[in-house]
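Please examine the sequence and the model shown below. The paragraphs that follow lead through two parts of it in turn.

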Amino acid sequence: MTYISHSVSETEALGEQLGRRLRSGDVVAYLGGLGMGKTAFTRGLARGMGCQDRVTSPTFTIVNEYRGELPLFHFDMYRIPDSDALFDIGWEDYLDRRGVCAVEWSENVADAMPAGTVYVTIRRHGENDNWREITVEGGDAL
Amino acid sequence: MKILALETSAKSVSAAVTEDGTVLASAYQNTGLTHSRTLMPLVDATLKNSGISLEKIGLVAVAAGPGSFTGLRIGVSAAKGLAWTLGLPCCAVSTLVAMAQNVRHMDATVVCAMDARRNQIYNAVFAAHGGTLERLTPDRAIGLGELAAELKNDEKVKIIVGDGAKLCYTYLRETGIPCSMAPAALVMQCAVGVALAAGEMAARGETVSARDLAPNYLRLSQAERERLARGLKITVD
């Protein structure tokens, strides 16, 4: 399914819609470059899941954990060179924690994304630099 | 010599104190709570309740792997910290050797199994006989299919232990390999097994300093994982 977002708040709202549908153990993998609004989308995702903690970019921390009935683990793989390096951040333990994992820069670790991953691709819209084309696909249960 | 042992390799957490092969105290819980929250209160309560001060401990043992990345780091860090302050020697016990202690009284092939995801287990196989354990394989990561092929011609009674016992048991039974799971009281790895195994290691001089104590993850590369998941071997015959 592809949506057009005209603003950051619309991007957040789309994230919130997806967040409401996520279940324990789901993985959301983002595709798309810098400044596309992945963190904004994740802010909506967290809201949709009922997480109260403030969502910030995990670029430097690699992972942020947001508490909630269904916790959200927000990764940025920008500095993770490949899937082998995932071991050093305890990636597999996060998969076992019954929350949702949202993964920015999932391209770097594409071969480690589990079956059933929901892929969210965010691209700049052809007509307006501030618009975004957001495609949500995968995720057998959704 | 009193041994304090910690076990945090998978979802459960436990602590135990043994002295010359006798269990003096042990605490175990398997409630899904984070080890970083539960381990030290468990150690503290076990020592306080049994009136054993840390100064009476002669060796700190820990299940050093294989196991969960986070779990092993918590257990090894705690063991390191406790041993460091008192200058105590440490034992890095194989989690698989520790769980094999549970059924060493059997006359059987002991199959140790920890869930390593994607139809793979961390595994070692031992021959239990006359109260002793003879190692038949190294600690390794192996696909369930490959393990089944190995065990197919083993005529002995096979008993499975560890947090991956159910996964392994189900697979082997489906493959037509007769085996049984250790009963609930014996199936899970725990600190008692770590302490007992450490006693034997210490007698052989297999101790390390707190500084040199390190986890043993049996880390697999992504390429190895994918081969295992496809049922292929990762070793050359």
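In which crossing does α1(A) pass α2(A), left-handed or right-handed? In this predicted model, α1(A) passes α2(A) in a right-handed crossing. The two elements involved are helix α1 of chain A, residues 8-21, and helix α2 of chain A, residues 38-49. Their axes come within 6 Å and cross at roughly 40°. Because of this angle, α1(A) is oblique to α2(A).

The residues that form this contact can now be located. On the side of α1(A), they include V8(A), T11(A), E12(A), L14(A), L18(A) and R20(A). On the side of α2(A), F41(A), R43(A), L45(A), R47(A) and M49(A) are among them.

Chain B has eight helices and eleven strands. Along the principal axes, the C-alpha atoms of chain B fill a box of roughly 50 × 40 × 35 Å.

Of its 237 residues, 46% count as buried. Contacts in chain B also link parts of the sequence: among those between residues at least 6 apart in sequence, 69% join residues at least 24 apart.

Terms used: Residues numbered from 1 in each chain as written. Chains lettered and ligands numbered in written order. Predicted model: local features only at pLDDT ≥ 70, side-chain atom pairs only at ≥ 80, totals over all residues. Axes fitted to C-alpha atoms, helices over the stretch in contact; angles between N-to-C directions. Helix = DSSP H or I, 4+ residues; strand = E, 2+ residues; numbered from the N terminus. Parallel < 35°, antiparallel > 145°, perpendicular 65-115°, else oblique. Left-handed = near helix turned anticlockwise from the far one by under 90°. Contact = placed C-beta atoms within 7 Å. Buried ≥ 20, exposed ≤ 12 C-beta atoms within 10 Å, placed from the backbone.
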